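Student: Hi! Could you walk me through this structure? I'd like to know what goes on inside it.

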Amino acid sequence: MLLVYTHKITPRLTYTFKHICKRILGLDIKFTSKVEDFIAHDSLKMSYTKQPLSNELFVRSHYLLFESGISDLDISVQQWENTKGFFPTGERSDLAFDIFAASFYLLSRYEEYLPHVKDDFGRFTAKESLAYKHRFLSQPVIDIWAYKLKDVLQERFPEFVFPNRNYKVQPVIDVPMTYYFRKKGLLRTIGGTLADIGRFRFKQLYQRYSVLMGFKRDPYDTFKWIITKQKQCDFKFMVLFLIGDYSTYDKNISINKKEFVSLIKSVADYCNVGLKASYFALEDISILKKEKLKMEAVINRDLQAVRHSFSKLNLPQSYRNLVELEIHQDYTMGYIDTLGFRAGTCTPFQFYDLDFEVQTPLQINPYHCLDFALLKYQSELDKKEHLQKLIKEIKEVNGTFTPVFHNYTFSNLERWEGFRSLFTLILESVDEG
């Protein structure tokens, strides 16, 4: 067990140390403000304060973990061996940077509470982030820093055996539209037909009626392939269905259709199933609650996981709503157009509410790759190279890779050509040792 001496034990401090020491390094951890308890402890120990007590392992603390509220911080990002660091500590410290304060800044999404420019959907963009501006978005810096701490601890306590953790993949399949042509109802089918004729999309018109008359499979109906892939894996996929009401933003088929319900049930026999919350559920907890209850009625168990439409988050309200409805897993934390680590980590973490200064039961599973982000790379080889680079970064810290694909990504549509093999590459990365 690691004992940490500090002058003041705060919720921010315990939250951050637990993520780095417990979740990443697998160490049990305790805190003390009593010097005598610290001296008496005969296993792993370190001090995190302004001055060292004597010659113990010491990290000089930044004030961030000892204050409350939000202030405009002065951050200077510097190169640190193979990565970047901020909040430098000075020469007496065993680590060149205060990795705990820096990790808290990234995990709490501190920068998303500060004034920033949003995109058309009101989202925080990669270009607004500290990680993008200082070119460390492509690295799970918190996990890298944790391993630097491990090296220092190992040097001080060579007889201590650290637990190992293994690289994992947590694939997420987002289903905003179950079928492209089928089950849309008469009015939507007539509207789609007229749009095809009006825009001279005769190939699509032919495809539409081939599907509707049962000669061809709907291009978005890739669920048999998904289930086949699931059967080949030891780990579970997370499949998130949109069941909200039809609107400008959400265009799935109705949850009242028996075939849709039986599809969700059949997928739930093999995969974990969650909810893709509709666009309006983001702002309105009553809509989110209604969708939660509908999904629970279909799968006959408590809803565990949610991902918001368009990867949109309004912090802290979006997450507070999930906490209030006792939903324990979120898959919305990531960037839609950029590969990388929005929260600086490839390890799932708890949501910390900066307004209330409290750690919540909500686990955030940050995603590192959305299928749309790969579209900006022209060739399949280019896509593959960027994906392998990302996997390599996560494997180096034995983290969890969470990619988000959609059911239509596996269709035979030209835009998504080669994506089945990219998904397979991700699944097979687990067996590559």
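**Rings, core and charges**

Tutor: Happy to. Let's begin with a group of rings: Tyr220, Trp225, Phe237, Phe372, Phe405, Tyr408, Phe410, Trp416, Phe419 and Phe423 make up one aromatic cluster. Please keep in mind that this is a predicted model.

Student: How are Phe405 and Phe410 arranged as an aromatic pair?

Tutor: Phe405 and Phe410 are stacked, with 5.9 Å from centre to centre and 10° between their planes.

Student: And are those two buried or exposed?

Tutor: Phe405 and Phe410 are both buried.

Student: How many aromatic pairs are there in the whole structure?

Tutor: The search finds 40 aromatic pairs. One of them is Tyr48 with Phe100, an edge-to-face pair with 5.3 Å between centres and 75° between planes.

Student: Where do Tyr48 and Phe100 sit in the chain?

Tutor: In distant parts of it: Tyr48 belongs to strand S3 (residues 45–49) and Phe100 to helix H3 (residues 99–107), so to speak across a gap of 52 residues. Both Tyr48 and Phe100 are buried.

Student: OK, new topic. What about the largest nonpolar core, how many residues has it got?

Tutor: That core has 131 residues, and Phe86 and Phe241 have the most contacts inside it. Helix H5 (residues 141–156) gives the largest share, nine residues.

Student: Which residues does Phe241 touch?

Tutor: Leaving out residues up to four places away in sequence, Phe241 touches several, including Val175, Phe223, Phe260, Leu263, Ile264 and Met295. Lys276 is also among its contacts.

Student: What is in the second core?

Tutor: The second core is separate and has eight residues, among them Tyr331, Tyr367, Leu370 and Val404.

Student: Let's go back to Lys276. Which residue does it form a salt bridge with?

Tutor: Lys276 pairs with Asp174, and their closest N and O atoms are 3.0 Å apart. The bridge links distant parts of the chain, with Asp174 in strand S8 (residues 172–175) and Lys276 in strand S10 (residues 272–277), 102 residues apart.

Student: Why does Asp174 count as buried?

Tutor: Because its relative accessible area is 0%, and buried means under 20%. Lys276 is buried as well, because its value is 5%.

Student: What about the salt bridge between Asp221 and Arg217?

Tutor: There the closest N and O atoms are 3.8 Å apart. Asp221 counts as buried at 15% relative accessibility, whereas Arg217 is partly exposed at 47%.

Student: How many salt bridges does the search find in the whole structure?

Tutor: It finds 19 salt bridges. Another one joins Arg320 and Asp355, with 3.0 Å between the closest N and O atoms. Arg320 is in helix H11 (residues 317–324), and Asp355 is in the loop between strand S13 (349–353) and strand S14 (358–364), 35 residues apart.

Student: Are Arg320 and Asp355 buried or partly exposed?

Tutor: Arg320 is buried, with a relative accessible area of 19%, while Asp355 is partly exposed at 44%.

Student: Last one: which ring does Arg320 lie over?

Tutor: Arg320 lies over the face of Phe356, at 4.3 Å from the ring centre. Lys45 has a ring of its own to sit over, the face of Phe38, at 5.1 Å from the ring centre.

Technical notes
Residues numbered from 1 in each chain as written. Predicted model: local features only at pLDDT ≥ 70, side-chain atom pairs only at ≥ 80, totals over all residues. Heavy atoms only, no water. Phe/Tyr/Trp six-rings, centres within 6.5 Å; stacked < 30°, edge-to-face > 60°. Helix = DSSP H or I, 4+ residues; strand = E, 2+ residues; numbered from the N terminus. Buried < 20%, exposed > 50% of the residue type's maximum accessible area, 1.4 Å probe, protein only. Lys NZ or Arg CZ within 6 Å of the ring centre and 35° of its normal. Core = buried A, V, L, I, M, F, W, Y, C linked by side-chain atoms within 4.5 Å. Contact = heavy atoms within 4.5 Å. Salt bridge = Lys/Arg side-chain N within 4 Å of Asp/Glu carboxyl O.
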